[in-house]
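Hi there,

Here is the structure I promised to pass on to you. Have a look at it first, and then read on for what was found.

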Amino acid sequence: RQKAVYHAYIQQAVNQNLSEKAYLFAQKFLRVFVEREGPEFNLFDMVQKLNAAMQLKLTYNYTLRTCSLDRYVEIANKGFQCMYHFRTPDQDVLDDMDELFEDMVANSGNDGFVAYFKKAHLEGRLTYDEFYHNVIVAVFLSQQTLPHATFWPIARCAHDKGVLNAVRNNEDGLVEYVSEEFRVHGPSSPILMPYISLEEDAYGSLTVPKGSVIQIMPALLHTNPRLWEEANTFKRKRFSSVIGKRLSTLSIKDIDIDDEEEKKSEDEDLAEKSKSKALTMESMSAMLFSRTDEQDTLDRPLKKMSRRGSSLEGAPKSASKQRYMPFGVGRGICPGQKLGLTTVLNSVKALIDDW
């Protein structure tokens with residue numbers, strides 16, 4: 001029920017217009033940040049603040065009023081750490097979270113994430129606790145997963161000019177490259193969202209006792225030589241065939257392009273340039289994957305699997321197929337991956353285009 005609300009928001013919010021806005025926002029933010037910080041700064045700190053500012057502006061349609069951007073990132077980081085350890089944040093963080101949430105509810109724009117979930121709550125589709133939880137957890141998760149997803153492709157381009165030159169001005173090549181980077185350096189840090197087993201369960205022949213903490217570490221599967229050819233080698237074009245196949249099968253109705261005329265920007269020249277440089281929804285849709293679509297287990301034919309090839313002894317045969325999971329696996333797959341990819345890919349592209 002909650003996931004249905006999330007999917008409905010993503011469906012209406014993520015389109016080509018958002019992609020162009022994300023690219024333009026990243027360009028402007030980077031210019032201001034570099035002018036302020038100088039030529040040397042912490043890359044991860046920069047991508048965290050870029051992601052935070054972009055999320056607040058484009059997703060929440062909200063301007064920070066109760067704290068600075070630095071404090072917002074600090075709150076998100078502390079909340080994320082506590083969430084992954086199943087413990088309550090310190091009282092000062094809880095107080096800041098409550099104040100931030102209340103101000104978001106009161107002052108976010110009508111077409112943003114918070115306003116959409118507030119409407120779902122008022123219509124009875126979400127309880128107040130579910131409304132609060134979804135907004136705050138979105139803050140926590142996006143401030144870790146998305147900066148990680150942005151950091152590693154940029155770090156490699158900075159150190160490998162061959163990769164940089166190959167993906168600059170090559171949209172399909174960038175999507176293929178980031179797909180492989182997600183395999184080598186998964187966005188989750190370093191585990192997927194943990195679960196607690198509320199009752200005794202079983203996975204194949206494995207017994208899962210009640211109260212167990214269930215954690216999946218994508219790196220153990222993404223670099224498993226029984227599941228991938230040259231598993232520990234970065235291969236920029238590893239996903240070329242599957243991305244190409246998906247692009248050839250996407251239709252215009254899959255892309256959800258918004259034909260509404262974009263409002264004129266103060267920096268009109270830069271806005272016009274961004275339209276041609278922003279990632280198309282077609283390319284980003286080629287990276288999406290779900291738990292139900294047969295084609296969405298990325299590049300499954302890459303290495304022929306056998307029953308013995310399963311990464312987990314005693315696991316069911318279907319586990320062999322679940323070897324690529326940068327945004328989760330099974331029912332726990334991230335419902336916001338389309339929004340996340342719009343942010344990440346346009347941030348990466350703006351960085352490699354201009355810097």
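Asn107 is partly exposed, with a relative accessible area of 34%; buried here means under 20% relative accessible area, exposed over 50%, and partly exposed in between, using a 1.4 Å probe and protein chains only. Before going further, please note that this is a predicted model, in which local features need pLDDT of at least 70 and side-chain atom pairs count only at pLDDT 80 or more, while totals for chains, interfaces and linings use all residues. Residues are numbered from 1 along each chain as its sequence is written, and side-chain values use heavy atoms, with hydrogens and water left out.

Asn107 lies in helix H5, which covers residues 91–107. Helices (H or I, at least four residues) and strands (E, at least two) are DSSP runs, numbered from the N terminus. Leaving out residues up to four places away in sequence, Asn107 touches Asn61, Tyr62 and Arg65, where contact means heavy atoms within 4.5 Å. Asn107 and Leu64 are 43 residues apart in sequence, and their C-alpha atoms are 9.5 Å apart in space.

One of the residues touched by Asn107 is Asn61, which is found in the loop between H3 and H4. Most residues other than glycine have a negative phi. Asn61 is not a glycine, yet its phi is positive, at about 50°. With a relative accessibility of 32%, Asn61 counts as partly exposed.

Asn169 is also not a glycine and has a positive phi, of about 65°. The loop that holds Asn169 runs between helix H8 (161–167) and helix H9 (171–184). Asn169 is exposed, at a relative accessible area of 65%.

**Helices H3 and H4**

On the H3 side, the contact is made by Gln48, Lys49, Ala52, Ala53, Gln55 and Leu56, and on the H4 side by Leu69, Asp70, Tyr72, Val73 and Asn77. Sorted by class, the contact has six nonpolar, three polar and two charged residues. In this sorting, Ala, Val, Leu, Ile, Met, Phe, Trp, Tyr, Cys and Pro count as nonpolar, Asp, Glu, Lys and Arg as charged, and the others, Gly among them, as polar.

Val135 is found in helix H7 (residues 128–159) and is buried, with a relative accessible area of 0%. Setting aside neighbours within four places in sequence, Val135 is in contact with Tyr60, Phe101, Met104, Phe113 and Val114. Val135 and Tyr60 are 75 residues apart along the chain, and their C-alpha atoms are separated by 9.4 Å.

Glu181 sits in helix H9 and counts as buried, at 0% relative accessibility. Beyond neighbours within four places in sequence, Glu181 is in contact with Trp152, Pro153, Arg156, Gly186 and Phe234. Between Glu181 and Thr150 there are 9.8 Å in space, C-alpha to C-alpha, and the two are 31 residues apart in sequence.

Thr342 belongs to helix H15 (residues 337–354) and counts as buried, at 1% relative accessibility. Not counting residues up to four places away in sequence, Thr342 touches Val14, Leu18, Ser19, Ala22, Met281 and Met284.

**The chain as a whole**

The protein chain has 15 helices and four strands. Of its 355 residues, 51% are buried. Among contacts between residues at least 6 apart in sequence, 77% join residues at least 24 apart. The accessible surface comes to about 17,800 Å², with 51% belonging to carbon and sulfur atoms; these areas come from the Shrake-Rupley method with a 1.4 Å probe, and for residues only the protein chains shown count as cover.

Happy browsing!
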